[in-house]
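Take a look at the chain below. We will walk through it step by step.

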Amino acid sequence: MRRLHGMESFAEVAKAHSFSRAAAALGVPTSTLSRHVAELERAVGLRLLNRSTRRVELTEAGRLYFERCRHIVAQAEIAHEELREQLETPSGPLRVQLPAAYALDALLPALVAFGGRYPDIRLQLGVADPDGADREPDTGDVSIRLGELPDSSRVARRLGTVQAGLYASPAYLAARGAPAAPADLDNHDCIGLRLSAGAAGPWLLQRGEERCRVPAAQRYGVNDACMARQLAALGAGIAALGGEADGLVRVLPDWSLGPVAVHALTETRLIPAKTRRLIDFLAQHLDPTGLPAARAA
């Protein structure tokens, strides 16, 4: 049992690259976590982590050990969860990483409904970075991602797709006029949004069976939909946005962008009952457009 505690502590630190963040996730003091990892290192006879004041990194031996022990820890947690599930409903913290703007427009209502059904599960929500580099490391039990998925060892389950429209502020349209056709976007300032690593690509517009690829003049490029929405509200240009866009005007309303795939990502297929319940719940409550059924047009 002591060895398993050490493996659990080490795996959490390895994912978070931080003793303090790992301790917060496990709900134990940092000193306890540090002691568990030190005892594990003495037991295996190798240093598993390189510690610095700013970041914790895996050694070569640590990377090999992490690949082995994280599955053991996951299996042990699942075994406990399955036994507990026979006696009670799933409980405990569940960490969910969300894309910011889409979470506000579409996922939060479903998450609130999930919380109402499973009151013993404590949802810990965080904002995920589409590039996976600019913000805190992705340490969620499940992550929701939009767009094309990068090559990864993580397990993905498709939840649906989301459509987006083009929006601009009344002030911008008063100054520059509204485009009457997709080709007119070449004469406008556009706000490019990338949902995965790499540069923002051209806009793929569709109207019924019609398809149109627009190499929009993207004066601004961002990797966050909230930022794109705020730039549009400030009159910086035309943005492609999903969900609702209060205060903005729909441009080319007959045309939409998409579909953009929505996925749930986990580290392994061996996931605890509470994580499985959430993924199943989201899949059931998101219609084929990726929006909650109660809010779909």
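This is a predicted model: local features need pLDDT of at least 70, side-chain atom pairs count only at pLDDT 80 or more; totals for chains, interfaces and linings use all residues.

Just after helix α3, G45 takes a positive phi of about 80 degrees. That is our way in.

Helix α3 covers residues 30-44. An α-helix has 3.6 residues a turn, so residues three or four places apart point the same way.

Now bring in a partner. Two packed helices are described by the angle between their axes and the distance between the axes. Helix α2 spans residues 19-26. The axes of α2 and α3 come within 9 Å and cross at roughly 105 degrees. An angle of 65 to 115 degrees counts as roughly perpendicular, and α2 and α3 are therefore roughly perpendicular to each other. Which residues make the contact? From α2 come F19, S20, A22, A23 and L26. From α3 come T30, L33, S34 and V37. By type, the contact of α2 with α3 has 6 nonpolar residues, 3 polar and no charged.

Move along to helix α8, residues 273-285. This helix has 13 residues. From first C-alpha to last, α8 reaches 18 Å, close to the 18 Å expected at 1.5 Å a residue. Its buried residues are A273, K274, T275, L278, I279, F281 and L282.

Strands deserve a stop too. Strand β11 runs over residues 238-242 and holds G242. Is G242 buried or partly exposed? Its relative accessibility is 26%, so G242 counts as partly exposed. In sequence, G242 and L257 are 15 residues apart; in space, their C-alpha atoms are 9.0 Å apart.

Step back to the whole chain. It has 8 helices and 13 strands. Of its 297 residues, 45% are buried. Take the contacts between residues at least 6 apart in sequence: 75% of them join residues at least 24 apart.

Finally, how far does the confidence go? The chain averages a pLDDT of 80, and 81% of the residues score at least 70. Confidence is highest in helix α6 (residues 170-176), at 96, and lowest in helix α4 (residues 60-85), at a mean of 77. Over residues 131-137, pLDDT stays under 50. For that stretch, the model has 17 contacts beyond four places in sequence.

Definitions and conventions
Residues are numbered from 1 along each chain as its sequence is written. Side-chain values use heavy atoms; hydrogens and water are left out. pLDDT is the predictor's confidence in each residue, from 0 to 100. Helices (H or I, at least four residues) and strands (E, at least two) are DSSP runs, numbered from the N terminus. Contact means heavy atoms within 4.5 Å. The expected span of a helix is 1.5 Å times one less than its number of residues. Buried means under 20% relative accessible area, exposed over 50%, partly exposed in between (1.4 Å probe, protein chains only). Axes are lines fitted to C-alpha atoms, for helices over the stretch in contact, and angles run from 0 to 180 degrees between N-to-C directions. Angles under 35 degrees count as roughly parallel, over 145 as roughly antiparallel, 65 to 115 as roughly perpendicular and the rest as oblique. Ala, Val, Leu, Ile, Met, Phe, Trp, Tyr, Cys and Pro count as nonpolar, Asp, Glu, Lys and Arg as charged, and the others, Gly among them, as polar.
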